[in-house]
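Dear colleague,

Please find the structure below for your records.

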Amino acid sequence: MNALADAGITGFYILEYKGMSPQDWKGFSIKEDPKSAIGLIKDYATDAVLVCSVVDEEKTDEIVESVMQALEGEKYTILEVPIRRIIVSHSDYEKERVETWLLEKEVPCFYCGENSVQRIRIDTSKAKIWCTNCGAARYYLIKGVEKEGR
Amino acid sequence: MAVKKWKLKKGANCYNCGDATIHDIEVDEFDIKIRCRDCGFSRYYSFHMVDLPRKCDVD
């Protein structure tokens with residue numbers, strides 16, 4: 001992530017998955033049923049991460065070089081795919097994002113007692129407070145509003 | 001363990017007046033109160049439920 005950020009990407013998403021290389025797969029013959037296929041994946045596939053980002057074409061070489069340097073000695077595959085069209089809709093998402101607040105407070109947790117960061121997420125209808133140490137969470141629901149609360 | 005009341009501040013656009021203002025947030029075990037310093041619009045949340053992790057028996 002640091003290498004990508006240094007090379008100039010502005011956003012990315014990550015998918016964790018399990019995968020098998022062709023050389024690992026070679027020679028296998030499994031029964032054609034979902035249970036066998038899932039069992040094979042659980043037993044033989046290795047954990048992998050897919051990192052996706054859309055970047056300016058001019059920056060591609062620099063980004064690829066940075067990633068190759070950062071991942072020296074690691075097993076990886078880089079796929080460079082041209083994007084023909086991007087359509088982004090922000091309508092509801094932007095509204096939702098603006099109306100969700102995230103705050104933090106470092107205090108002893110009500111459950112584990114450790115002095116740790118308590119995260120607070122508040123939106124228009126509910127709120128959640130959880131301990132980053134033990135995970136204990138309290139949930140609140142909107143009770144009402146007062147327009148002239150001066 | 002009793003929880004002391006927390007007093008927090010958050011700069012955000014007010015849900016009521018729409019201005020970018022400071023909101024005072026008070027949190028305790030039972031309630032959360034949020035109040036816009038500009039227009040006074042307040043929202044109240046009450047405790048609903050708690051989700052506790054299982055304590056380790058090995059300790």
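An open sheet of eight strands runs in the order 3(A)-4(A)-5(A)-6(A)-4(B)-3(B)-2(B)-1(B), with antiparallel pairing. Strands are DSSP runs (E, at least two residues) numbered from the N terminus, and two of them pair if DSSP finds at least two bridges between them. The edge strands, strand 3 (101-108) of chain A and strand 1 of chain B, each pair on one side only.

This is a predicted model, in which local features need pLDDT of at least 70 and side-chain atom pairs count only at pLDDT 80 or more, while totals for chains, interfaces and linings use all residues. Residues are numbered from 1 along each chain as its sequence is written, and chains are lettered from A and ligands numbered from 1 in the order in which they are written.

Strand 6 (residues 137-146) of chain A and strand 4 of chain B run antiparallel and are joined by nine bridges; here Ile142(A) stands opposite Tyr45(B). In total, 30 residues of chain A are in contact with 27 residues of chain B (C-beta atoms, placed from the backbone, within 7 Å).

Within chain A, strands 5 and 6 pair in the antiparallel sense over five bridges, and Ala127(A) has Tyr140(A) as its bridge partner in strand 6. Not counting residues up to four places away in sequence, Ala127(A) also touches residues of chain B, namely Ile32(B) and Tyr45(B).

Yours sincerely

Terms used. Two residues are in contact if their C-beta atoms, placed from the backbone, lie within 7 Å. Helices (H or I, at least four residues) and strands (E, at least two) are DSSP runs, numbered from the N terminus.
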